[in-house]
Amino acid sequence: MSALDVVLWVAVPYVAIAVFVLGHVWRYRYDKFGWTTRSSQMYESRLLRIGSPLFHFGILVVLLGHIGGLVIPKSWTEAAGVSETAYHATAVALGTVAGVATLGGLAILIYRRRTVGPVFSATTRNDKLMYVLLALTIVLGLAATVVANLAGGGYDYRTTISPWFRSIFYLRPDPALMAGAPPLFQLHAISAMVLFAIWPFTRLVHMLTAPLGYLTRPYIVYRSRDERRAPRRGWEPTR
């Protein structure tokens, strides 16, 4: 294990976590009105209706799969009666389908953003960087799954990458676990850490927002402006 391994698998994860947490605090405190997706639906909706659901449903499955694979120890699934063969087959099948759906949806959204004039004009450099890192992370993750599990003999990341991931939050990081992982998995982890570091400063912050205030806010009263309605006494228009 080299000094570079210590930097990549100990220092960089903690820096990414710190920037992710503190960046959101700063963004909410000083840029609350900028905490938005900057929706471009009003400019174009046909491609958006296809790409957005495809991307969001795919990324949700990918996220749940990562939580299950990285957070839940292998011993827990075995204790629950889930064999390694069954877990591996399910994870590869769902991961591949969800990854393809996510990448396809993202491709449609990027194509839309590049080819629709008003949408492209509303795209900032920040957005372009976010799209590049998001696409790179998804491509590397999908490539790692395909190469290691479909084209290769398989790789049990729950014996190396998952324990390393949990060791970061246990405050007992073990970089040796990641140092021996396949290069594609390492690149996927690095790109994900960079993505999480820039997350608070992009439109991705909307993922952490839920409109809970809608449940308790008062009703909005709409009043007609129809001139044919007789005005209330004392409110007749002056001429």
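Thr124 counts as partly exposed, at 32% relative accessibility; on this scale, buried means under 20% relative accessible area, exposed over 50% and partly exposed anything in between, with a 1.4 Å probe and protein chains only. Thr124 sits in the loop between α5 (117–121) and α6 (125–151). Its C-alpha atom is separated by 10.0 Å from that of Thr202, and the two residues are 78 residues apart along the chain. The model is a predicted one, so to speak of local features takes a pLDDT of at least 70, side-chain atom pairs count only at pLDDT 80 or more, and totals for chains, interfaces and linings use all residues. Residues are numbered from 1 along each chain as its sequence is written, and side-chain values use heavy atoms, with hydrogens and water left out.

Stepping back to the whole chain, the secondary structure comes to nine helices and zero strands. Helices (H or I, at least four residues) and strands (E, at least two) are taken as DSSP runs and numbered from the N terminus. Read from that end, the elements run α-α-α-α-α-α-α-α-α. Of the 239 residues in the chain, 33% are buried. The chain exposes about 15,800 Å², and carbon and sulfur atoms supply 68% of that area; accessible areas come from the Shrake-Rupley method with a 1.4 Å probe, and for residues only the protein chains shown count as cover. As for contacts (heavy atoms within 4.5 Å), residues 24 or more positions apart account for 80% of those with a separation of 6 or more.

Helix α1 (residues 3–30) has two partners to look at here, α7 and α9. With helix α9 (residues 183–198), the axes come within 8 Å and cross at roughly 25°. Axes are lines fitted to C-alpha atoms, for helices over the stretch in contact, and angles run from 0 to 180 degrees between N-to-C directions. α1 and α9 are therefore roughly parallel to each other; angles under 35 degrees get that label, those over 145 count as roughly antiparallel, 65 to 115 as roughly perpendicular and the rest as oblique. α1 passes α9 in a left-handed crossing, the term for a near helix turned anticlockwise from the far one by less than a right angle, while clockwise makes it right-handed. On the α1 side, Leu8, Trp9, Val12, Pro13, Ala16, Val19 and Phe20 take part, and they meet Gln186, Ala189, Ile190, Met193, Phe196 and Ala197 in α9. This contact divides into 12 nonpolar residues, one polar and no charged. Ala, Val, Leu, Ile, Met, Phe, Trp, Tyr, Cys and Pro count as nonpolar, Asp, Glu, Lys and Arg as charged, and the others, Gly among them, as polar.

Now for the other partner. α1 and α7 pack at an angle of about 60°, with their axes 11 Å apart, and they are therefore oblique to each other. Their crossing is right-handed. Trp9, Pro13, Tyr14 and Ile17 of α1 meet Trp164, Ser167, Ile168 and Phe169 of α7. By class, that gives seven nonpolar residues, one polar and no charged. Trp9 and Pro13 of α1 turn up in the contact with α9 and in the contact with α7.

Helix α7 (residues 161–169) also meets helix α2 (residues 46–71), where the axes come within 8 Å and cross at roughly 85°. That makes α2 roughly perpendicular to α7. The residues involved are Gly69, Leu70 and Val71 of α2, along with Ile161, Ser162, Phe165 and Arg166 of α7. Four of these are nonpolar, two polar and one charged.

Pro53 and Gly105 are 52 residues apart in sequence and 7.5 Å apart in space, C-alpha to C-alpha. Ala101, in helix α4 (residues 84–115), is buried, with a relative accessible area of 19%. Leaving aside residues up to four places away in sequence, Ala101 touches Leu54, Phe55 and Gly58. Most residues other than glycine have a negative phi. Arg38, in the loop between α1 and α2, has a positive phi of about 50° although it is not a glycine, and Arg38 is partly exposed, with a relative accessible area of 34%. Leu171, in the loop between α7 and α8 (175–179), has a positive phi near 65° and is exposed, at 64%.
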